[in-house]
Amino acid sequence: QNDIYQAGVHGRTPVVPTDFDELERRARAEMSDRAWAYIAGGAGGGRTMAANRRALDRRAIVPRVLRDVSERTLEIELFGDRLPAPILFAPVGAGDLVARGADRMIGHAAAELGLPYIFSNQGGVRMEDVAAEMDLVRPGAPRWFQLYWSTDDDLVDSLLQRAEGVGASAVAVTLDTTMLGWRPRDLNIGSLPFARGEGIAQYTSDPRFTEIVSERAAQGSSERPEISLGALRTLFSIAKNTPGSLLRNIIRPEPRVGVQTFLDIYSRPSLSWTEIESLRERTALPVVLKGVLHPDDARRAVDSGVDGIIVSNHGGRQIDGAISSVDALAAIAPVVDGRIKVLADSGIYSGADVFKVLALGADAVCIGRPHMYGLALAGADGARDAVANIIAELDLTFGLAGHTNVDELTPEALATLV
Ligand code: FNR
């Protein structure tokens, strides 16, 4: 972490800008309109994203002085992993929009920092391949899996089994995306995610998913295959020189995954606490519920025997005008009262932001867009440094505010402005 600061002191420019606004501005210039709309966009008029920012800005750090901060640590323990900082790489689907093989590069970055990467269920690279990449960097580097509860229970079991197989330390079940939010930036350019098949590799590589697609094809509900112009030209050139019987074999459509099939399967709007309570029989992994915002749901989560929650509004991408995750956290942390792990995300973009969220009672935070912007600017190194910058600022903020470790931080480190 100190390297970044030292570099600045000695006049070297960093791999990616060291503050979020400049990081975002520079990343935008590197991204396609589609990628920008999808990554940066929020639900509706962007009110939840604005609320996330406002809630952080309403909290002020009140530093303490003369407390010997020469020895500090940001280390925490989380579900059996010792982490150098209380930060995780949030699951981000359809990362291929930004760079081909995005998930692999982000896995590489997270492994370099020793921080968990939560594999998205809508990843563009099979979790097995991301895990292998991470092991090359740091054998056993921590990783989690994020699950969208499918309409097909067997697919859920298959994904959980694979997550166990790749050595996940926990499974995060995302609850706020039983359907996609109203995202004008994507809608206005006719570019909803997955329209061109980004973010479905996690599914298409799954044995149960392949089975479902074949079953649907057998029932005659398979969609017409989409064939690109280039493929069509190739087919015509082949057809000119091929006997008819052979040709039929070439053009017989494979059971193919269309966007509609994917949308039908990926998430279950009828999901309830019953399914969550069945998780204990489905997997031995610690279970974390992602997208909890109401204190009553947090209480219910504790009663359901899950191991943690992530207080999150999905980066402001699902409901326009939802409560900020920071205000939600302030209400939820006292209710949970340390009985299970509480993580938080959405709009946490600097070391000072992380400090405030930890002070409000989070055990750790997840970071989403910053690592995607770093990726857009400088690949795996950029994804790594976007988060390393946040860690470096967090360490300085701890010291300057008079604190030496995550555990002793309480809401008294903050004042709430009106
Ligand atoms: C997400 N998020 C997300 N969450 C999840 O559980 N599964 C997923 O596949 C995705 N996909 C996704 C794509 C993109 C482009 C973004 C920006 C976000 C939500 C993500 O895990 C996290 O909750 C937010 O990104 C946190 O907010 P910030 O840090 O981006 O403001």
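This is a predicted model: local features need pLDDT of at least 70, side-chain atom pairs count only at pLDDT 80 or more; totals for chains, interfaces and linings use all residues.

Colleague: New topic, the ligand. Which of the 22 residues around the ligand come nearest?
Modeller: Ala90, Gly93, Thr174, Gly315 and Gly368.

Colleague: And which elements give two or more residues to that shell?
Modeller: Helix H3, residues 33-40, and strand E11, residues 364-367.

Colleague: How does the shell around the ligand split by class?
Modeller: Eleven residues are polar, eight are nonpolar and three are charged.

Colleague: Let's move to helices H18 and H19. At what angle do their axes cross?
Modeller: At roughly 60°. H18 covers residues 351-359 and H19 covers residues 369-401. Their axes come within 7 Å.

Colleague: Why call H18 and H19 oblique?
Modeller: An angle of 65 to 115 degrees would count as roughly perpendicular, and under 35 as roughly parallel. The crossing is at roughly 60°. H18 and H19 are therefore oblique to each other.

Colleague: Is that crossing left-handed or right-handed?
Modeller: The crossing of H18 and H19 is right-handed.

Colleague: Which residues make the contact?
Modeller: From H18, Gly351, Ala352, Val354 and Phe355. H19 brings Ile390, Ala392, Glu393, Leu394, Leu396, Thr397, Phe398 and Ala401.

Colleague: And how do the residues of that contact divide?
Modeller: Nine are nonpolar, two polar and one charged.

Notes. Residues are numbered from 1 along each chain as its sequence is written. A residue is near a molecule or strand if its C-beta atom, placed from the backbone, lies within 6 Å of it. Helices (H or I, at least four residues) and strands (E, at least two) are DSSP runs, numbered from the N terminus. Ala, Val, Leu, Ile, Met, Phe, Trp, Tyr, Cys and Pro count as nonpolar, Asp, Glu, Lys and Arg as charged, and the others, Gly among them, as polar. Axes are lines fitted to C-alpha atoms, for helices over the stretch in contact, and angles run from 0 to 180 degrees between N-to-C directions. Angles under 35 degrees count as roughly parallel, over 145 as roughly antiparallel, 65 to 115 as roughly perpendicular and the rest as oblique. A crossing is left-handed if the near helix is turned anticlockwise from the far one by less than a right angle, and right-handed if clockwise. Two residues are in contact if their C-beta atoms, placed from the backbone, lie within 7 Å.
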